Amino acid sequence: MTVYPLLIAGQPVRTETSDAVVDPATGKLIGFAARAREAEVDAAVDAAASAFPAWAADEAGCRAVLAAAAARLRAHESEIAELLTREQGKPLRQAVAEVTHSAGILDAMARFERQPESFAADAGRSVQVIERPYGVVAAITPWNVPLLLLFHKIAPALRAGNSVVVKPSEHTPLSTLRVVELLAEVFPPGVLNVIAGGGITGALLASHPKVANVSFTGSVATGRKIATAAAANFAPVTLELGGNDPAIILADAPIKDIAEALFWAAFANSGQICFAIKRLYVHESRHDELVRHLADRIDRTVIGNGLDPATELGPLTVTAQRDRVEQLVAEAEQGGARRVGGGRPLAEGNFLRPALLTHVDPASRLVVEEQFGPALPILSFSKVEDAIAAANDTEFGLGASVWTADAAAGAAVARQLDAGLVWTNSHMEVFPGTPKGGWKQSGIGYEGGRWGYERFVRAQTALARPAPSAN
Ligand code: NAD
């Protein structure tokens, strides 16, 4: 069975211990990831620190390398996508899209223009504000969208002139290890390094005194630990954390026509998307109709191994996560909720059929916590102010949407939603170049476009006067 090595200073590194990675659709072993401990974390950070000055000094070279990296990803798209599906579970066409999109982010950053600011000179002074990289950036990623979230971090970090140490999730490390190995052909040694392991490895990296900037996507609890660890070194952090996104369906919404979009916004990737719809508030006059349409769509959903082209929803990636979703659904039912759909559709693997929960207690954990799986509580309202208040009554603030035939009413509701992303008649849609970031406990900072790039540069004000003349 293959042991996927770390990549440090351009060289594959095998370690004494490794972690098994299992296919969530079959429960079968796929391979092993070499596990980094302190020595490898130090070696990776040192390699990145050594490579940093030359990389930062060669902007044209950096842009060419990013474009070459995009081409290399595309050339290996099917191999990478298959590995991603096997370790994460998502349907293969979505894994292919993830690789394509990752290459697109690299290309966009290769084309990205810096915008140095010049101030009008006076009395012989020239003043410029210059964007400078930090040095070594740590990029720590989760298991639900391993590659796309990785490239959202490393493409702008590298474009800004930083060197990077990547730490993927212990549940889905193989696609990241393989991608960085493939990219070793285009990056100068040490500019892009990858180490694998769990929370211990991640904590060693986030707290490393030579790491100057930390970019993390994952849970709120881990984000808090990372922010604390990085604070000791005054390393700035970007945290893309959990969500509990509400969607509000107004009385005039064309239910039949939006049901398909709502289904995918809630259940794509089997609900394992940070800004999937996780709570649905529907006007009481349309409740039953909405439940009927969604229930019908769930009945028709093809659930199976992501490698099967017919599959619409794959397994949950992590068995403990599947168990947690089941537990939250069971608790809601014990509290009086009625379940439509749900259950385990297949004998093996971490599969769950999407579930709708009606008549739910708004205080139940399924509503209050981030369930991160295919279970959707549906709550009804009579006054839109109550729906807005309920939507905002959460520690999270990642995304939120309103669905209506009336554009003005939609805009009025959207303005009152406390979230970094708000949509009208859409959800989860990301427009290229715009910032994506959570409010409240959902994070700090942004990814995407100029806003994402700016997380990896610091300002340097350069004031110059001519030398005083001798006479
Ligand atoms: P997680 O927090 O358990 O793990 C994320 C990463 O952090 C993994 O690589 C893990 O090994 C590492 N880690 C764990 N403990 C650490 C520590 N003490 N120090 C440093 N690193 C440590 O999250 P997860 O379960 O992999 O991912 C699911 C979560 O990610 C959900 O909450 C989801 O909402 C969130 N998420 C957010 C976004 C976003 O853009 N806001 C996107 C995707 C996922």
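I take a polar contact to be a pair of N or O atoms within 3.5 Å. The model I am reading is predicted; local features need pLDDT of at least 70 and side-chain atom pairs 80 or more, while totals for chains, interfaces and linings use all residues. Residues are numbered from 1 along each chain, and side-chain values use heavy atoms, without hydrogens or water.

A backbone N or O atom of Gly218 is 3.3 Å from a ligand oxygen. Ser219 places a polar side-chain atom 2.6 Å from an oxygen atom of the ligand. For a ligand nitrogen, I found a polar backbone atom of Ala203 at 3.3 Å. The protein buries 89% of the 850 Å² that the ligand exposes when taken alone (Shrake-Rupley method, 1.4 Å probe).

**Shell.** I counted a residue as near if one of its heavy atoms lies within 4 Å. There are 30 residues around the ligand, and among those that come nearest are Lys167, Ser219 and Glu370. The shell has twelve nonpolar, twelve polar and six charged residues, with Gly counted as polar. Domain 1 (3-241 + 438-461) and domain 2 (245-424) each give at least three residues to the shell; the bounds come from an automatic or database assignment.

**Sheet.** I then traced an open sheet of seven strands with mixed pairing, in the order E15-E16-E17-E14-E13-E19-E20. Strands are DSSP runs of at least two residues, and two of them pair if DSSP finds at least two bridges between them. Strand E19 (residues 399-403) pairs with E20 in the parallel sense over four bridges. Within that pair I noted Ala400 opposite Val422 in E20.

Notes. Polar contact = N/O pair within 3.5 Å; in protein donor to acceptor, adjacent residues only side chain to side chain.
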